[in-house]
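Subject: Structure for you to look at

Hello,

Here is the structure I said I would pass on. Please open it alongside this message, as the notes below go through what was found in it.

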Amino acid sequence: MLAKLKEILVKYVDIDPSEIKKDSRLGEDLGLTSFALMSMMGEVEDVFDITIVEEELTGITTVDDIMKYIRKKQKEN
């Protein structure tokens, strides 16, 4: 899952995939803007076949948070 997520992330941030870690903070470490986050999450929906509820994204600050969210949504399906 991390590898797929890195593939998606590098489309939205100017950073080498090897520098993206589970504990990387989306804004502070990767430079992801809120607009880019929303665009990226649309792609995450398609790739991981989940439906994202925008209000649930408020606590997502790291790459690991995204992975936990994806796992949670996949279990709900």
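First, some ground rules. This is a predicted model, in which local features need pLDDT of at least 70 and side-chain atom pairs count only at pLDDT 80 or more, while totals for chains, interfaces and linings use all residues. Residues are numbered from 1 along each chain as its sequence is written, and side-chain values use heavy atoms, with hydrogens and water left out.

The whole chain

The chain has 3 helices and 0 strands, and along the sequence they give the pattern α-α-α. The radius of gyration, 11 Å, is close to the 11 Å that the globule rule gives for 77 residues, so the chain is as compact as a globular protein of that length. Helices here (H or I, at least four residues) and strands (E, at least two) are DSSP runs, numbered from the N terminus. The radius of gyration is taken over C-alpha atoms, and the globule rule is 2.2 Å times the number of residues to the power 0.38.

The C-alpha trace spans about 30 × 25 × 20 Å along its principal axes. The accessible surface comes to about 4700 Å², and 49% of that belongs to carbon and sulfur atoms; accessible areas come from the Shrake-Rupley method with a 1.4 Å probe, and for residues only the protein chains shown count as cover.

Of the 77 residues, 40% are buried. Buried means under 20% relative accessible area, exposed means over 50%, and partly exposed is in between (1.4 Å probe, protein chains only). Among the contacts with a separation of 6 or more, 54% are accounted for by residues 24 or more positions apart, where contact means heavy atoms within 4.5 Å.

Helix α1

Helix α1 covers residues 2–9, and its buried residues are L5, K6, I8 and L9. Seen down the axis of α1, these buried residues fall within an arc of 160°, so they line one face of the helix. The arc is that of the directions from the helix axis to the C-beta atoms. As background, an α-helix has 3.6 residues a turn, so residues three or four places apart point the same way.

The buried residues of α1 pack against α2 (34–48) and α3 (63–76). The exposed residues A3 and E7 are on the face of α1 turned away from its buried side.

M41 is in helix α2 and is buried, with a relative accessible area of 2%. Leaving aside neighbours within four places in sequence, M41 is in contact with I52, L57 and I66. M41 and I8 are 33 residues apart in sequence, and their C-alpha atoms are 9.2 Å apart in space.

L26 is in the loop between α1 and α2. Is L26 buried or exposed? L26 counts as buried, at 5% relative accessibility. Not counting residues up to four places away in sequence, L26 touches G31, L32, L37, I60, T61, T62, V63 and I66. From L26 to N77 the separation is 51 residues in sequence and 26 Å in space, C-alpha to C-alpha.

D49 lies in the loop between α2 and α3 and is exposed, with a relative accessible area of 61%. Phi of D49 is near 55°, a positive value in a residue other than glycine.

V53 and K73

V53 is also placed in the loop between α2 and α3. V53 is partly exposed, with a relative accessible area of 31%. Which residues does V53 touch, not counting those up to four places away in sequence? V53 touches Y69 and K73. V53 and K73 are 20 residues apart in sequence and 9.8 Å apart in space, C-alpha to C-alpha.

Residues up to four places away in sequence aside, K73 touches I50, T51, V53 and E56. The C-alpha atoms of K73 and L30 are separated by 24 Å, and these two residues are 43 residues apart along the chain.

Regards
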